[in-house]
Amino acid sequence: MDGLMQGKRALVTGVANERSIAFAIAQQFQAAGAELIFTYPGEAMARRVLQTVEPLKAAAVLDLDVSRDDEIDRAAAEVRRIWGRVDVLVHSIGYAPREALDGRFADVTSREAWRITMDISAYSLIALARAFKPMMPPGSSIVTLTYYGAEKVVTNYNVMGVAKAALEASVRYLAEDLGREGIRVNAISAGPLKTLAAAGIKGMRAMLSENAARTPLRRNIDHEEVARAALFLCSQMGSGVTGETLYVDAGQNIMGVVSMG
């Protein structure tokens with residue numbers, strides 16, 4: 001993959017630690033020749049993110065709260081000052097209050113949990129796309145991360161599943177809207193992985209164990225497989241693909257009822 005993204009400039013959001021999907025994507029991008037800028041959500045995460053991305057020699061690591069338009073505008077202005085353009089935007093952001101991810105959907109989904117989850121997990125894609133599209137040339141790409149809980153009920157995924165459904169719909173609308181500027185927008189629906197975000201979902205450990213036996217490949221995926229899919233979508237290899245949700249889940253999404261045989 002050497003040189004596949006030579007000279008490209010990628011803004012990567014959502015790195016929390018070495019197990020983040022966003023970090024695996026950034027590693028693939030750098031290996032393919034891309035320059036990188038990272039963001040982190042507030043001072044509480046600053047040290048962890050800075051230590052995680054230090055080996056990748058980023059052009060900058062910016063504090064960015066995606067729930068605030070003024071901070072998004074400030075980050076966009078700083079990226080424009082440093083680079084002048086962005087070729088790839090990686091949106092790997094999702095958050096729901098922990099109490100909304102444990103229990104019956106109707107009981108634990110408060111109005112405030114709904115608002116926060118939809119704002120940070122779905123609307124942030126639109127807000128970032130709007131802020132950065134003026135510096136994204138034709139041929140640029142946006143990729144976001146989703147999960148099968150957007151389509152089918154996954155126990156305890158709750159309001160995050162609703163937010164991911166909104167995110168996937170937003171990908172389609174953004175793809176049509178930004179396509180006139182030659183910007184592609186896609187999503188990757190990754191199978192369950194051990195990440196910091198997944199740790200907040202009750203029963204995730206059991207889900208990983210059960211999932212491995214039920215996929216067509218009889219295993220779970222790894223971070224690198226998702227990262228390689230992002231490299232495909234954001235490089236010239238994926239130049240004809242937009243508005244799509246690409247499944248990287250060992251075939252999980254094609255399965256119906258569990259076999260009785």
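This is a predicted model: local features need pLDDT of at least 70, side-chain atom pairs count only at pLDDT 80 or more; totals for chains, interfaces and linings use all residues.

1. Residues are numbered from 1 along each chain as its sequence is written, and side-chain values use heavy atoms, with hydrogens and water left out.

2. N186 lies in strand β6 (residues 184-190); strands (E, at least two residues) and helices (H or I, at least four) are DSSP runs numbered from the N terminus. The relative accessible area of N186 is 0%, so this residue is buried (under 20%; exposed is over 50%, partly exposed in between; 1.4 Å probe, protein chains only). Leaving aside residues up to four places away in sequence, its contacts include V171, L233 and T242 (contact: heavy atoms within 4.5 Å).

3. Twelve salt bridges are found in the whole structure (a side-chain nitrogen of Lys or Arg within 4 Å of a carboxyl oxygen of Asp or Glu).

4. E78 pairs with R81 in a salt bridge, with the closest N and O atoms 2.7 Å apart. About one helical turn separates the two, because they are three residues apart in helix α3 (residues 69-82). E78 is partly exposed at 24%, whereas R81 is exposed at 60%.

5. R68, partly exposed at 39%, forms a salt bridge with E71 at 3.4 Å, N to O. E71 is buried, at 15%.

6. D177 and R180 form a salt bridge at 4.0 Å, N to O. Elsewhere, salt bridges with shared partners link R68, D70, E71 and R74 into one network.
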